[in-house]
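Student: I have a structure open and some questions about it. Can we go through them one by one?

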Protein chains: 2
Amino acid sequence: MGKEIEKKFIVSGDAYKSLAKGVLYRQGYIFFDKDKSVRVRVFNDKGYLTVKGTSTGISRLEYEYEIPVGEANEILEYLCEKPVIEKLRYKFQFEGFTWEVDEFLGENEGLVIAEIELPDENAVFKKPDWIGREVTGDPRYLNSNLVKNPYKNFKE
Amino acid sequence: MGKEIEKKFIVSGDAYKSLAKGVLYRQGYIFFDKDKSVRVRVFNDKGYLTVKGTSTGISRLEYEYEIPVGEANEILEYLCEKPVIEKLRYKFQFEGFTWEVDEFLGENEGLVIAEIELPDENAVFKKPDWIGREVTGDPRYLNSNLVKNPYKNFKE
């Protein structure tokens with residue numbers, strides 16, 4: 001059973017830039033609703049097809065498969081809702097856990113989100129001091145929702 | 001570009017049973033609408049994830065990937081609309097083309113559909129004499145629609 005357990009936080013400042021090199025991610029959704037999504041993602045010249053299920057607490061069913069990057073780009077172009085999400089991802093280790101900071105571009109420019117993947121729902125972890133408010137349960141910050149309601153429209 | 005070009009016909013009688021051995025297929029849809037679908041299919045102990053796009057004429061964008069059969073069964077169980085489509089597929093050659101006859105089970109019992117995959121939209125081909133009416137353009141006979149509106153509800 002593919003399970004993904006993660007927490008999400010707002011990031012302020014750009015200290016994360018000194019901790020890793022940003023990698024361009026392009027991703028789109030063939031379908032998504034409140035319960036599940038089918039996503040296509042391209043980065044480092046590789047393509048991925050990902051099926052995500054319902055969230056129970058902070059964990060979700062997740063199945064990810066590598067696919068030919070040319071086909072991933074075709075699916076992004078012809079079968080995904082626009083605009084495609086673009087972001088620079090910074091990946092680094094902090095106190096024993098992997099963190100991923102997404103610096104969004106385009107319609108979502110200005111939004112920076114940090115994610116930590118956890119081994120179980122009760123894992124204890126330390127946060128860099130520039131990590132802000134937790135938004136794990138806030139659907140507005142789901143990438144799929146950022147397609148239809150981009151960050152530039154948010155009234156903070 | 002993954003393209004699938006095929007024609008569909010109603011089948012009468014069971015002459016097809018002497019031409020091949022029936023293989024059990026179980027398939028479900030994580031999502032589908034009039035333009036596209038994401039399907040999971042299991043047969044011969046293998047799993048497949050398939051993305052299909054809009055039909056233009058009789059051809060469609062199609063991308064199919066083999067996935068671990070255990071994960072395919074999990075996705076069928078937890079992320080696909082019910083009921084799962086079950087059918088016996090008979091695959092054989094006839095006058096230079098591959099034919100697939102699907103004998104549906106469960107809610108769609110009684111429905112038998114033959115499909116021929118063509119190299120291009122104008123290909124000329126011969127049909128076994130037990131092949132009936134063409135239903136290529138009829139959305140009722142799309143497997144995805146047979147989930148919500150099974151054959152037992154059809155008023156022929």
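The questions below go from confidence to an annotated residue, then to the chain contact and a loop.

Student: What average pLDDT does chain A have?
Tutor: This is a predicted model, so confidence comes first. In chain A, 95% of the residues score at least 70. The model scores are ipTM 0.84 and pTM 0.86. The average pLDDT of chain A is 92.

Student: Which residue does the UniProt annotation "active site" cover?
Tutor: Look in strand E2 of chain A, residues 23-32. The annotation comes from the UniProt record, and the residue it covers is A:Tyr29.

Student: Is A:Tyr29 buried or exposed?
Tutor: The cut-off for buried is under 20% relative accessible area. A:Tyr29 has a relative accessible area of 5%. Its contacts beyond four places in sequence include A:Ser37, A:Leu79, A:Glu81 and A:Asn143. Because its value is 5%, A:Tyr29 counts as buried.

Student: Which side chain makes a polar contact with the side chain of A:Tyr29?
Tutor: A polar contact needs N or O atoms within 3.5 Å. Here the distance is 2.9 Å, and the partner is A:Gln27.

Student: How many salt bridges are there between chain A and chain B?
Tutor: The contact takes 24 residues from chain A and 24 residues from chain B. The area buried between them is about 2,100 Å², and carbon and sulfur atoms give 76% of that. Eight residue pairs are in polar contact across the interface. The salt bridge count is zero.

Student: Which residues of chain A lose the most area to chain B?
Tutor: The contact involves 24 residues of chain A. Three of them together account for 30% of what that side buries. They are A:Phe31, A:Tyr65 and A:Leu79.

Student: Which element gives the most to the side of chain A that touches chain B?
Tutor: Across this interface, eight residue pairs are in polar contact. E2, E3 (37-43), E4 (46-56), E5 (59-67) and helix H1 (69-79) each supply at least two residues of that side. The top contributor gives five residues, and it is H1(A).

Student: How far apart in space are A:Asp138 and A:Lys8, C-alpha to C-alpha?
Tutor: A:Asp138 sits in the loop between strand E9 (131-134) and helix H2 (143-148) of chain A. A polar atom of its side chain lies 2.9 Å from the backbone nitrogen of A:Arg140. A:Asp138 and A:Lys8 are 130 residues apart in sequence, but in space the distance is 9.2 Å.

Key. Residues are numbered from 1 along each chain as its sequence is written. Chains are lettered from A and ligands numbered from 1 in the order in which they are written. This is a predicted model: local features need pLDDT of at least 70, side-chain atom pairs count only at pLDDT 80 or more; totals for chains, interfaces and linings use all residues. Side-chain values use heavy atoms; hydrogens and water are left out. UniProt positions are given in the numbering used here, feature names are shortened, and annotations may be inferred rather than shown by experiment. Helices (H or I, at least four residues) and strands (E, at least two) are DSSP runs, numbered from the N terminus. Buried means under 20% relative accessible area, exposed over 50%, partly exposed in between (1.4 Å probe, protein chains only). Contact means heavy atoms within 4.5 Å. A polar contact is a pair of N or O atoms within 3.5 Å; within protein, one must be able to donate a hydrogen and the other to accept it, and residues adjacent in sequence count only if both atoms are side-chain atoms. pLDDT is the predictor's confidence in each residue, from 0 to 100. Buried area is the accessible area (1.4 Å probe) that two parts lose on being put together, summed over both. A salt bridge is a side-chain nitrogen of Lys or Arg within 4 Å of a carboxyl oxygen of Asp or Glu.
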